[in-house]
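This report looks at a strand and its neighbours, and then at the surroundings of a ligand. Please keep the sequence and the structure in view while reading.

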Amino acid sequence: MSKPKVLATRPLFPAARAILDENFEMDYWTPPERISRAELLQRVADKDALVCLLTEKVDKELLAAAPKLRIAATVSVGYDNIDVPACTSHKVVATHTPGVLDDTTADFAWALLMAIGRRLLEGDAWIRSGTWPGWDLDQLLAGDVWGKTLGILGFGRIGRGVARRALGFNMRVLYSDAVRAPTNVEENLHAEHVDRDKLFRESDFITIHVPLLPETRHLISKENLEKMKRTAYLINTSRGPVVDEAALAEALENGTIAGAALDVFELEPKVHPGLVARKDVILTPHIASASVDTRTKMAVMAANNLVALFEGKRPPNALNADALELK
Ligand code: DGY
């Protein structure tokens, strides 16, 4: 019997390829540049399944171009690249990769927090410039991290991981989330549920862990930036459009807040020009989950979702399993 045909928009990793190659007739996109939209639409046309990245949109156009498609598996936990209701109406299962990247992403949010709070890159650049004259008492002074107030926007698995790490820094932790965490979680993490307004006003560091939804787009607006302390820092490892980059650039220019560390951007790979040349901004290329182990687990998870579906089982990470009444 012929195997289902699958397009993977990256060669993925050996562990995921081993699963896919055994079960499917694979078409991997291997050139170094990302697959173009036209190429994607053409290659997916005869496929039964798609393994894609957050850079590929699975929308009505793609679904119409792929009449045989039964599953679209994004190798990411965020699935704002997938129109899930459209998948459901085309009877396509949409899956993502939750759970495996939480600690890796929380580690990286902390790396950014420490780096911006303690002026790490400014120190590095100074030494590399060859102009550092040697130690002195008042060089690159910064605020402390320990003992300060950490505001966490979005208290899911990643937000909670960030809070857990804050215990070692003896911080006051505030969080806001539409759903309040159970009391035992709040107690264990020493985290206080507050409204967003209080979080913006009282935090020394604000770290974002919300999904991109219509209601979180530009959550970091001019208005909310103006509520923040002039000494506060913003850290974003979630999705770029949660931050209004133009408003952020303006806030930094005006001294409304002290700095920002961003791993994600509104219009990736572009970055607002007002952010690029600033010493009070750290920019990293969407790598918060980029450890070998984690990215491998994500790809394996996507592969296993495909295998489950074609074995007649409910893919473990389906976003629309109930809507499609999968057993
Ligand atoms: C995700 O998974 O959504 C991240 O942004 C990339 O790992």
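## A strand and its partners

Gly151 has Ile206 of strand S9 as its bridge partner. S9 covers residues 205–208, and strand S6, at residues 149–153, pairs with S9 in the parallel sense over four bridges; strands count as paired if DSSP finds at least two bridges between them. Strand S10 (residues 233–236) also runs parallel to S9, joined by four bridges, and here Thr207 stands opposite Ile235. From S9 the chain passes through helix H10 (residues 222–227) to S10 in a right-handed β-α-β crossover, where right-handed means that, with the strands pointing away from the viewer, the path from the first strand over the helix to the second runs clockwise. Helices (H or I, at least four residues) and strands (E, at least two) are DSSP runs, numbered from the N terminus.

Within S9, Phe205 and Thr207 point one way while Ile206 and Ile208 point the other way, and all are buried (under 20% relative accessible area, with a 1.4 Å probe and protein chains only).

## Basis of the model

The model is predicted, so local features need pLDDT of at least 70 and side-chain atom pairs pLDDT 80 or more, while totals for chains, interfaces and linings use all residues. Residues are numbered from 1 along each chain as its sequence is written, and side-chain values use heavy atoms, without hydrogens and water.

## Around the ligand

Residues surrounding the ligand include Leu54, Val77, Arg239, His286 and Ser289. An oxygen atom of the ligand lies 2.6 Å from a polar side-chain atom of Arg239, and a ligand oxygen atom is 2.7 Å from a polar backbone atom of Val77.

Key:
Near = heavy atom within 4 Å. Polar contact = N/O pair within 3.5 Å; in protein donor to acceptor, adjacent residues only side chain to side chain. Buried < 20%, exposed > 50% of the residue type's maximum accessible area, 1.4 Å probe, protein only.
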